[in-house]
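The sequence and structure come first, followed by the findings.

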Amino acid sequence: MRKQMIVLLVAVASFSLASSAFAGALMPGAMAKCNDAKSITLENTGGGAGDRGEGNLVVWKSSNYTTVLISLSPTAHQGFSMNGGGAAGNKQVKMSNKHSMGRKSITLMGQTNFSRGDSIGDISGEVRLTNVGTTNVSVTCN
């Protein structure tokens, strides 16, 4: 009986530690979960095919049953032509270049001023992150 209690205690402790914080590289096609995170940090760590280095994630949130797509593309030009100094039309209207590269990392923050499920950005409850891109993405649940 005593051994069973110790095994049960160790199992519960390891499960709660594993579900509260996940950190590591998410390879293309892999999935991670965060439960009741205060913040989730996503970072494109590269290491994939030569497809502009894009890290694409599908994020499903149990709080409001919505799915959003996130693209982390620090080397992509976001479809802007670089001829003439930036986006098409800048040169003709004498406008400064507004071109910027994609982001390498983002942090999704919990929103305490919303009740569960009221906001599309709500990360309370279970959040599933699936890497559908061509590079590794680091996921950290806080």
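Is Arg128 buried, partly exposed or exposed? The model is predicted, and in it Arg128 has a relative accessibility of 32%. This value lies between the limits of 20% and 50%, so Arg128 counts as partly exposed.

## Salt bridges

Side chains of opposite charge can pair when their charged atoms come close. The count of salt bridges in this model is two.

In one of them, the side chain of Glu126 pairs with that of Arg128, with an N to O distance of 2.8 Å. Glu126 also forms a salt bridge with Lys33, where the N to O distance is 3.9 Å. Glu126 belongs to strand 7 (residues 126-131) and Lys33 to strand 2 (residues 31-35), so this pair ties together parts that are 93 residues apart in sequence.

## Network and accessibility

Lys33, Glu126 and Arg128 are linked in a network of salt bridges. Glu126 takes part in the bridge to Lys33 and in the bridge to Arg128.

Lys33 is partly exposed, at 41% relative accessibility. Arg128, at 32%, is likewise partly exposed.

Where is Asp122 found? Asp122 sits in the loop between strand 6 (105-109) and strand 7. Its relative accessible area is 4%, under the 20% limit, so Asp122 counts as buried.

The side chain of Asp122 makes a polar contact with the side chain of Ser124, at 2.9 Å.

Technical notes: Residues numbered from 1 in each chain as written. Predicted model: local features only at pLDDT ≥ 70, side-chain atom pairs only at ≥ 80, totals over all residues. Heavy atoms only, no water. Salt bridge = Lys/Arg side-chain N within 4 Å of Asp/Glu carboxyl O. Helix = DSSP H or I, 4+ residues; strand = E, 2+ residues; numbered from the N terminus. Buried < 20%, exposed > 50% of the residue type's maximum accessible area, 1.4 Å probe, protein only. Polar contact = N/O pair within 3.5 Å; in protein donor to acceptor, adjacent residues only side chain to side chain.
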